[in-house]
Amino acid sequence: MHQHEIPAIMRLSLLLLVAALSARAAAQLPAPAGGAVGALKPDFYSQSCPRAERIIAEVMQTKQMANPTTAAGVLRVFFHDCFVSGCDASVLIASTQFQKSEHDAEINHSLPGDAFDAVVRAKLALELECPGVVSCADILALASGVLITMTGGPRYPIPLGRKDSLSSSPTAPDIELPHSNFTMDRLIQMFGAKGFTVQELVALSGAHTLGFSHCKEFADRLYNFRNQGGKPEPFDPSMNPSYARGLQDVCKDYLKDPTIAAFNDIMTPGKFDNMYFVNLERGLGLLSTDEELWTDPRTKPLVQLYASNPTAFFTDFGRAMEKLSLFGVKTGADGEVRRRCDAYNSGPAIPGAFGGGAMPKM
């Protein structure tokens, strides 16, 4: 989108956002371990595509205004990408009749199409400006940061120079990603195995201040619930009764219509704030993992801290997101810069690795 297509007041806010992003990127970044991460730098595109961040910000603002759930969707796609083989845009690869991809994993079936569309639109705009320069992995990382800021959240450093993956596993996401019914022990173990602390787990969970979850993800808390002694309950007693009954009404036909969903944050669903944690204190957590954060002694103090201190949450969330954005990045010959985000330039790195021949060019 060109600047003259954006109303004046939007241009002003966008200019302020891009200026802040540029200042943030110019700040001195910590040097995480690992040669691949060390190759990333905030001004990676300063010569090859100097308007990259501005172009992405323009596309995301337009998309977010047209569909306010875009921010939550892009953030979720980014997490699903990074937690499986690293931040390498492997989640964006489309399945074909020849090759399956992460799209085929059951846990990824509910990833929103608007999020993928936002990345596609940004890639198209960048290909017109500087063909073959900006990776899809960097687009997804920058888009997430821009949308968090647009919805009221913190800014955090995003070093650039990621390459796009040369493979996409259809089985890894269901193994590598946390599920809504995981215990806190399992969540802590999963995050810890990837180098994330309990504090970072709780901070990243605060992303649930945006977006929604489908009823099947929390139906076991609403219907046919039994307590630890096996006694039937009308719903999970840890839930606010009015909230639980309201969700029962909303989700009553979820088996017939699996698209029925509820906001993760019932109070301020479109604003990035600390209300998610405030809700947990009030019995307004949607998922069982949300409730686990409130009841587990390892995480409850952090929930209380973030509920009472939004600045602490923003600070810790920003640091955790920066760390997440550096997880498992590919550089050099370990990846490529895709011409389009949903297809490899010439085929996967290991032909036939996922049950077929090399993917044809698309």
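**Figure 1. Packing of helix 3 against helix 5 in a predicted model.** Helix 3 (residues 52–66) and helix 5 (residues 113–129) pack at an angle of about 140°, and their axes lie 9 Å apart. Helices (H or I, at least four residues) are DSSP runs, numbered from the N terminus. Axes are lines fitted to C-alpha atoms, for helices over the stretch in contact, and angles run from 0 to 180 degrees between N-to-C directions. Helix 3 contributes Ala 52, Ile 55, Ile 56, Val 59, Met 60 and Lys 63 to the contact, and the residues from helix 5 include Asp 114, Ala 118, Ala 122 and Glu 129. Contact means heavy atoms within 4.5 Å. By class, this contact has 10 nonpolar, no polar and five charged residues. Here Ala, Val, Leu, Ile, Met, Phe, Trp, Tyr, Cys and Pro count as nonpolar, Asp, Glu, Lys and Arg as charged, and the others, Gly among them, as polar.

**Figure 2. The largest nonpolar core and the surroundings of Leu 92.** Leaving out residues up to four places away in sequence, Leu 92 touches Val 77, His 103, Phe 116, Val 119, Cys 136, Arg 338, Cys 341 and Asp 342. A second, separate core of 16 residues includes Ala 219, Leu 222, Ala 244 and Cys 251.

**Figure 3. Thr 151 and Lys 163, in the loop between helix 6 and helix 7.** Thr 151 counts as buried, at 9% relative accessibility, whereas Lys 163 is partly exposed, with a relative accessible area of 22%. Buried means under 20% relative accessible area, exposed over 50%, and partly exposed in between (1.4 Å probe, protein chains only). A polar atom of the Thr 151 side chain lies 2.9 Å from the backbone oxygen of Leu 147. The side chain of Lys 163 reaches the backbone oxygen of Gly 332 at 3.2 Å. Apart from neighbours within four places in sequence, Thr 151 is in contact with Gln 64, Ala 71, Leu 210, Gly 270, Lys 271 and Phe 272. Lys 163 and Ala 89 are 74 residues apart in sequence and 8.4 Å apart in space, C-alpha to C-alpha.

**Notes.** Residues are numbered from 1 along each chain as its sequence is written, and side-chain values use heavy atoms, leaving out hydrogens and water. In this predicted model, local features need pLDDT of at least 70 and side-chain atom pairs count only at pLDDT 80 or more, while totals for chains, interfaces and linings use all residues.

Methods. A nonpolar core is a set of buried Ala, Val, Leu, Ile, Met, Phe, Trp, Tyr and Cys residues joined through side-chain atoms within 4.5 Å. Helices (H or I, at least four residues) and strands (E, at least two) are DSSP runs, numbered from the N terminus. A polar contact is a pair of N or O atoms within 3.5 Å; within protein, one must be able to donate a hydrogen and the other to accept it, and residues adjacent in sequence count only if both atoms are side-chain atoms.
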